[in-house]
Amino acid sequence: GWRIDKEPFFKVPTSIINMLKLRGSYGELGNENIGEYQYMATMARNNMSYSFGGETVTGSAITDFVNKNIAWEKKITYNVGVDMAMFNNRLEFSAEWYKNRAKDLLYGVPVPEQAGVANTTVTMNAATMDNSGFEFSATYRNYDHPLKWEVSANLSTLRNRVKSLGFGTDSYIAGAYITVPGHEIGKFYGWKYAGIIRNQADLDRLNAIAAEHGKTTYQQGANIGDCYYEDVNGDGVVDANDQTVLGSGLAKMNFGISARLAYKGFDLSIQTFGALNYHVADDIYNSLNSCYGYANKDVALTDANRWNEDHTEYLSNVPRTYLTNNATLAWNDLFSSRKIQNAAYWKIANVELGYNMPDKWFGGVVTGVRVYVSAQNLYTFTGYKGYNVDYAGGVWTPGYNFCSFPTPRTFMCGLHFTF
């Protein structure tokens with residue numbers, strides 16, 4: 001770091017700028033949490049047999065390929081920033097650019113079929129990924145009056161890029177999530193939802209597109225009331241080849257706002273945080289809204305199968321429901337842009353109100369007596385339809401909320417003192 005304000009050439013009065021610092025850092029950190037004994041081959045007991053002299057003899061053999069060179073993952077961090085304090089620390093500000101490179105990330109690399117082993121993938125230190133962005137924070141405080149207050153805010157951005165998957169791997173697909181070198185990790189991967197087939201005219205229009213390409217039907221087995229999707233590759237039919245990247249599950253911007261007020265013996269503190277440009281596929285919500293089979297269902301599905309009086313126009317915005325699927329694909333349950341939610345949110349994480357009692361009230365028996373009430377996870381402003389919006393996603397599936405446990409709303413009161 002370099003304290004510019006300490007240099008002789010810095011002539012700005014300290015009453016205006018009392019601290020100005022440029023800083024930078026570099027560091028490397030290893031991650032040992034890679035699993036136990038992955039470098040060791042194990043022998044499956046009695047998994048082989050052979051005939052000796054007409055008698056079957058059972059034996060054991062190593063059938064899986066293992067990576068004996070597995071090592072820790074590595075994280076390399078760079079950052080450059082500036083810190084500034086003004087008006088005798090009344091206003092503080094910092095700005096930083098950062099870049100984190102994760103090297104030797106572990107993931108399952110495909111094993112060639114001709115290797116003659118049982119496992120189809122082997123865990124290797126193969127991937128490299130960069131996270132970069134900017135972080136800003138500011139605090140303003142005023143302690144000059146009986147009502148003392150302080151407000152802080154922070155903002156960070158994120159740009160994620162996978163630099164390499166190693167060993168010539170062009171892409172890595174984990175369910176409905178795809179990772180391609182040069183792009184973000186774990187992007188949504190599926191079909192582009194285009195709407196609901198409302199009437200026979202809609203169905204005929206789609207099938208006419210198929211006919212232009214010498215095909216019979218646009219979506220085999222689709223009926224009025226079913227979802228339809230974009231023909232991404234332009235061959236006149238919708239099938240598995242029309243899956244495409246649907247967006248990112250990483251929040252591009254995170255922020256926090258907090259405030260503290262104090263008046264005589266009373267004090268109030270509020271902490272909030274949130275995320276913008278953030279999208280999520282919620283497993284529970286999507287399962288409850290499945291249009292197929294018997295199971296627990298969301299009450300919203302009661303609006304399905306709603307038609308006009310002569311049964312020629314499908315009116316509901318919920319697709320038709322089926323006991324079983326007889327089409328090529330389950331058109332109303334395909335992972336598509338319809339399954340992805342805008343999960344931007346702002347959470348009131350903690351609110352606490354307290355009162356600090358004067359020591360003289362207790363004649364020196366106890367000191368520092370404080371009573372307080374607080375609320376945690378008080379409210380979340382969001383349009384997200386799920387139990388927990390600030391969950392921790394998987395490395396390769398950051399936008400997949402798989403049954404994360406809801407954060408409870410907690411109310412507390414307490415008494416603190418020393419003696």
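Visitor: Is Y345 buried or exposed, and what is its relative accessible area?

Guide: Please keep in mind that this is a predicted model. A residue counts as buried when its relative accessible area is under 20%. Y345 falls under that limit and is therefore buried, with a relative accessible area of 8%.

Visitor: What kind of aromatic pair do the rings of F273 and Y345 form?

Guide: A search of the whole structure finds 22 aromatic pairs, and F273 with Y345 is one of them. Ring centres must lie within 6.5 Å for a pair, and planes over 60 degrees apart count as edge-to-face. Here the centres are 6.2 Å apart and the planes stand at 85 degrees, so the pair is edge-to-face.

Visitor: Which strands does this pair link, and how many residues apart are F273 and Y345?

Guide: F273 belongs to strand β17, residues 266–276, and Y345 belongs to strand β20, residues 345–356. F273 is partly exposed, at a relative accessible area of 29%, whereas Y345 is buried. The pair links distant parts of the chain, namely β17 and β20, and the two residues are 72 residues apart.

Visitor: How are the rings of Y355 and W361 arranged?

Guide: Y355 is partly exposed, with a relative accessible area of 21%, while W361 is exposed, at 52%. Their ring centres are 6.4 Å apart and their planes are at 45 degrees, so the arrangement of this pair is tilted.

Visitor: How many residues are in the largest nonpolar core, and which of them have the most contacts inside it?

Guide: In soluble globular proteins, nonpolar side chains tend to be buried together. In this model the largest nonpolar core has 21 residues, and α1 (200–212) and β14 (227–229) each supply at least two residues of this core. A second, separate core has 15 residues, including V122, A127, M129 and V162. Within the largest core, of 21 residues, those with the most contacts are I197, Y229, V238, Y314 and W331.

Visitor: What does Y229 touch, leaving out residues up to four places away in sequence?

Guide: Y229 is among the residues with the most contacts inside the largest nonpolar core. With residues up to four places away in sequence left out, Y229 touches W191, K192, Y193, A194, Y218, Q219, V238, W331, N332, L334 and S336.

Visitor: What is the phi value of N377, and which residues is N377 in contact with beyond its neighbours within four places in sequence?

Guide: Most residues other than glycine have a negative phi, and most peptide bonds are trans. N377, which is not a glycine, has a positive phi of about 55 degrees; N377 is placed in strand β21 and is buried, with a relative accessible area of 12%. Leaving aside its neighbours within four places in sequence, N377 is in contact with K347, I348, A349, T407, P408 and R409.

Visitor: Where is N305, and what is its phi?

Guide: N305 is partly exposed, with a relative accessible area of 38%. Its place is in the loop between α2 (283–288) and β19 (341–342), and its phi, a positive value in a residue other than glycine, is near 60 degrees.

Visitor: What is the volume of the largest pocket, and which strand supplies the largest share of its lining?

Guide: The volume of the largest pocket is about 640 Å³, and of the 28 residues that line this pocket, the closest to its centre are N131, L158, L250, G394 and P398. β6 (91–110), β7 (121–142) and β8 (147–157) each supply at least two residues of the lining. The largest share, four residues, comes from β6.

Conventions
Residues numbered from 1 in each chain as written. Predicted model: local features only at pLDDT ≥ 70, side-chain atom pairs only at ≥ 80, totals over all residues. Heavy atoms only, no water. Core = buried A, V, L, I, M, F, W, Y, C linked by side-chain atoms within 4.5 Å. Buried < 20%, exposed > 50% of the residue type's maximum accessible area, 1.4 Å probe, protein only. Contact = heavy atoms within 4.5 Å. Phe/Tyr/Trp six-rings, centres within 6.5 Å; stacked < 30°, edge-to-face > 60°. 1 Å grid on protein atoms, 1.4 Å probe; cavity = no way out; pocket = protein on both sides within 12 Å on 5 of 7 lines; lining within 4 Å. Points joined across faces, edges and corners; volume = space filled by probe spheres on them.
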